[in-house]
Amino acid sequence: MLGIESQVGSPKLEAHMVKVEVLDHGFVELIDVMGSDEEVENAARISYGKGTRKVSQTRNLIRYLMRHKHTSPFEMCEVKFHIKLPIFVMRQLVRHRTANLNEYSGRYSIMSDEFYLPDEDYLQPQSQDNKQGREEGELGNTISDIHFEINRINDGAWMAYDNMINWNVAKELARVVLPVSNYTEVIWKTDLHNFFHFVKLRSDKHSQREIRDYADAMYHLVFPHFPLCCEAFEHYVRNAVTFSEQEMDVIKELLEHADTKAGLAGCMADYEGWHLGKRETKEFLEKIGKE
Ligand SMILES: Cc1cc2nc3c(=O)[nH]c(=O)nc-3n(C[C@H](O)[C@H](O)[C@H](O)COP(=O)(O)OP(=O)(O)OC[C@H]3O[C@@H](n4cnc5c(N)ncnc54)[C@H](O)[C@@H]3O)c2cc1C
């Protein structure tokens, strides 16, 4: 259903891609980009000055900024999309208040006659342990019967809407019969920092699969423009977790009893395979109280 499914994870290969189909009638198109990895670095150098250039190359600086939540340099870059999406996904997208948007007007224009019909593998039963989600399992009826029910409403709603338009009912009123599966369009713009925040929330497995598809597609299009920022985002935000004070106590206790012959700090210093730089190793040891 999502046109890019097989490509997610290798976004570097798609450097010039600007549009991705999502769901049955939707799409995401990246229509404008302001900035680059270098622009983030340039913005940050206002705070750190030229003197740091030798030690911190672009990648290192961006990783430092991301790691320490020095977010304002990322706000200097912007991404703008044209998105076609069902109204129920739009309702989730619009909650991201830091974005600027302009939506198709159902008061001014005729609404789309396209409606979202969930594909077979999207139609799943209610999750037992997550009241907001779905999970693998048996449904109480066949896919074709469920599709019949959805289409029955969509077709009836469109017929009622079309009739009212023909009877000269104002468009802003005729639309009240349309379901949230109806497609709408929006121009949506945000800065890179808030875009990453959006992706972190909406690409997550706790988000509804339909908006996840949109968030994944948007990230896929943005990645080639900011490869270093995206790499840092994945390492320090998207694929990172935080530990509570109590969880940290458990970790410390376990490490205390671990068989660390030369001591953990020694191991860390000696072993390059952790892929932590000198500075990150020091920060890590500080975090777990082993400096
Ligand atoms: C899995 C999931 C389930 C959800 N379930 C529900 C639900 O059941 N019901 C529901 O209503 N919503 C739900 N939401 C929406 C959620 O509560 C947020 O409104 C939405 O994700 C936007 O997040 P945000 O406010 O961080 O983003 P943005 O609005 O883009 O804001 C970004 C950041 O800016 C700051 N900020 C922005 N505006 C303000 C402000 N006015 N005051 C203080 N700080 C501000 C905050 O730090 C915020 O994190 C859900 C979201 C997710 C991801």
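Over how many bridges do β2 and β3 pair, and in which sense? In this predicted model, local features are described where pLDDT is at least 70 and side-chain atom pairs count only at pLDDT 80 or more, whereas totals for chains, interfaces and linings use all residues. Residues are numbered from 1 along each chain as its sequence is written. The pairing of β2 and β3 is antiparallel and runs over 7 bridges, where two strands are taken to pair if DSSP finds at least two bridges between them.

The protein chain contains 11 helices and 5 strands, these elements being DSSP runs (H or I of at least four residues for helices, E of at least two for strands) numbered from the N terminus. The average pLDDT, the predictor's confidence in each residue on a scale from 0 to 100, is 87 for the protein chain, and 85% of the residues score at least 70. Over residues 1-13 the pLDDT is below 50, and this stretch has 21 contacts in the model beyond near neighbours in sequence; two residues are in contact if their C-beta atoms, placed from the backbone, lie within 7 Å. Among contacts in the protein chain between residues at least 6 apart in sequence, 71% join residues at least 24 apart. Of the 291 residues of the protein chain, 24% count as buried, a residue being buried if 20 or more other C-beta atoms lie within 10 Å of its own, exposed if 12 or fewer, and partly exposed in between, with C-beta atoms placed from the backbone.

The 5 strands are arranged as an open sheet in the order β1-β2-β3-β5-β4, with antiparallel pairing. Because β1 (19-22) and β4 (100-103) stand at the edges and have a single partner strand each, one side of each is left without a neighbour in the sheet. From one strand to the next, the twist averages 20 degrees. Strands of a sheet pair through backbone hydrogen bonds, either parallel or antiparallel. Strand β2 (residues 26-34) pairs with β1 in the antiparallel sense over 4 bridges, and Glu-21 stands opposite Phe-27 in β2. The bridge partner of Val-28 in β3 is Ile-83. Between β3 and β5 the antiparallel pairing extends over 9 bridges, with Glu-78 opposite Asp-191 in β5.

Ile-83, which lies in strand β3, is buried because 23 other C-beta atoms are found within 10 Å. Apart from its neighbours within four places in sequence, Ile-83 is in contact with Val-28, Glu-185, Val-186, Trp-188 and Tyr-214. Lys-19 is 64 residues away from Ile-83 in sequence, and the two are 9.5 Å apart in space, C-alpha to C-alpha.

Turning to the helices, α6 (residues 192-202) packs on the sheet and touches β3 (78-86) and β5 (183-191), and its direction makes about 125 degrees with that of β5; axes are lines fitted to C-alpha atoms, for helices over the stretch in contact, and angles run from 0 to 180 degrees between N-to-C directions. The buried residues of α6 are Leu-192, His-193, Phe-195, Phe-196, Phe-198, Val-199 and Arg-202, and what covers them includes β3, β5, α7 (209-222) and α8 (227-238).

In helix α1 (residues 37-48), which includes Asp-37, this residue is buried because 20 other C-beta atoms lie within 10 Å. Beyond its neighbours within four places in sequence, Asp-37 is in contact with Thr-58, Ile-62, Phe-226, Pro-227, Leu-228 and Cys-229. The C-alpha atoms of Asp-37 and His-225 are separated by 7.7 Å, although these residues are 188 residues apart along the chain. Among the buried residues of helix α2 (residues 58-67) are Leu-61, Ile-62 and Tyr-64.

Two loop residues have a positive phi. Most residues other than glycine have a negative phi. Lys-69, found in the loop between α2 and β3, has a positive phi of about 55 degrees although it is not a glycine, and Lys-69 is exposed, with 9 other C-beta atoms within 10 Å. Asn-168, in the loop between α4 (143-166) and α5 (171-174), has a positive phi of about 65 degrees and counts as exposed, with 7 C-beta neighbours inside 10 Å.
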